[in-house]
Amino acid sequence: MKIEKNTVVSLRYKLTDAQNNIIEEPDSPMVYLHGGYEGTFPKIETLLDGQDVGYEASIQLEPSEAFGEYDPELLKIEPRARFPEPLEVGMQFEGVPDAEDEGDSADADDEPLIYTVTDVADSQVVLDGNHPLAGMALRFWVQVEDIRAATDEEIENRHPEGGEAFAFGMPDDSDDGDDEFAIDVSNAGGSSPTLH
């Protein structure tokens, strides 16, 4: 079977930066639904389209093809009192806790922004809403491990059954420069509390 629209692909991958420093090399394959369902980056889908099990290749993605350019406006300083203790660099929060709606937030259909704690002081916390890999050129080595036809339910749900946990962070499909991401990149502290 070849990779085509509505096939479920199991993909081994290694992610490195432009200097070949390893960023991620998971033990388990990433499983995604092929065919424009945002399960992986479009440039990787294009590379894999029509390929067979065993196919392997390396590809470089520029920031605009991966996690976007770094946006300094997504850096925020918030009062430490808004955050739970213990608070550590590397922790991630969905949105800014107790923050007022500032009117410039994304549409309700968009996913909320994930902020990473980058610095903690006595009374303030520095948060970065950029994806940890924003602004970086990335190199992927990929190898196709398995291909199968997707079920009707998987096509309807736009992802393979149980495959959500394997997808690395993906930008949304807008080109307005305000890309937001669903993040599955491990943080230093191992904590990802969600605050509303």
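Ala57 has Val142 as its bridge partner in strand S9. S4 (residues 56-61) and S9 (residues 138-149) run antiparallel to each other, paired over 6 bridges. Two strands count as paired if DSSP finds at least two bridges between them. The model is predicted: local features need pLDDT of at least 70, side-chain atom pairs count only at pLDDT 80 or more, and totals for chains, interfaces and linings use all residues. Residues are numbered from 1 along each chain as its sequence is written, and side-chain values use heavy atoms, with hydrogens and water left out.

**The S4 strand**

The side chains of S4 alternate. Ala57, Ile59 and Leu61 point to one face and are buried. Buried means under 20% relative accessible area, exposed means over 50%, and partly exposed lies in between (1.4 Å probe, protein chains only). Glu56 belongs to S4. Glu56 counts as partly exposed because its relative accessibility is 45%. Glu56 and Glu145 are 89 residues apart in sequence, and their C-alpha atoms are 9.4 Å apart in space.

**Overall fold**

The protein chain has 2 helices and 11 strands. Helices (H or I, at least four residues) and strands (E, at least two) are DSSP runs, numbered from the N terminus. In sequence order the pattern is β-β-β-α-β-β-β-β-β-β-α-β-β. The chain has 196 residues, of which 39% count as buried.

**Salt bridges**

The structure holds 6 salt bridges. A salt bridge here is a side-chain nitrogen of Lys or Arg within 4 Å of a carboxyl oxygen of Asp or Glu.

Arg12 is partly exposed, at 28% relative accessibility. Glu145 is also partly exposed, with a relative accessible area of 36%.

The relative accessible area of Glu65 is 29%, so Glu65 is partly exposed. Lys43 is partly exposed as well, at 33%.

Arg82 counts as partly exposed, with 29% relative accessibility. Glu78 counts as buried, because its relative accessibility is 10%.

**Negative surface patch**

Asp152, Glu153, Glu156 and Glu161 gather in a patch of negative charge on the surface. Patches are made of residues with over 30% relative accessible area and no salt bridge; like charges are joined within 9 Å, and nonpolar side chains (Val, Leu, Ile, Met, Phe, Trp, Tyr) within 5 Å. Asp and Glu count as negative, Lys and Arg as positive; His and the chain ends are not counted. Glu153 is placed in helix H2 (residues 152-157). Its relative accessible area is 54%, so Glu153 is exposed.

**Backbone exceptions**

Most residues other than glycine have a negative phi, and most peptide bonds are trans.

Glu85 and Pro86 are joined by a cis peptide bond, with omega at about -5 degrees. Pro86 lies in the loop between S5 and strand S6 (92-94).

Asn6 is not a glycine, yet its phi is positive, near 70 degrees. Asn6 occurs in the segment before S1. With a relative accessible area of 24%, Asn6 is partly exposed.

Asn20 also has a positive phi, about 65 degrees, although it is not a glycine. Asn20 is in the loop between S1 and strand S2 (22-24). Asn20 is exposed, because its relative accessible area is 51%.

How values were computed: Accessible areas come from the Shrake-Rupley method with a 1.4 Å probe; for residues, only the protein chains shown count as cover. The place of a charge is taken as NZ of Lys, CZ of Arg, CG of Asp or CD of Glu.
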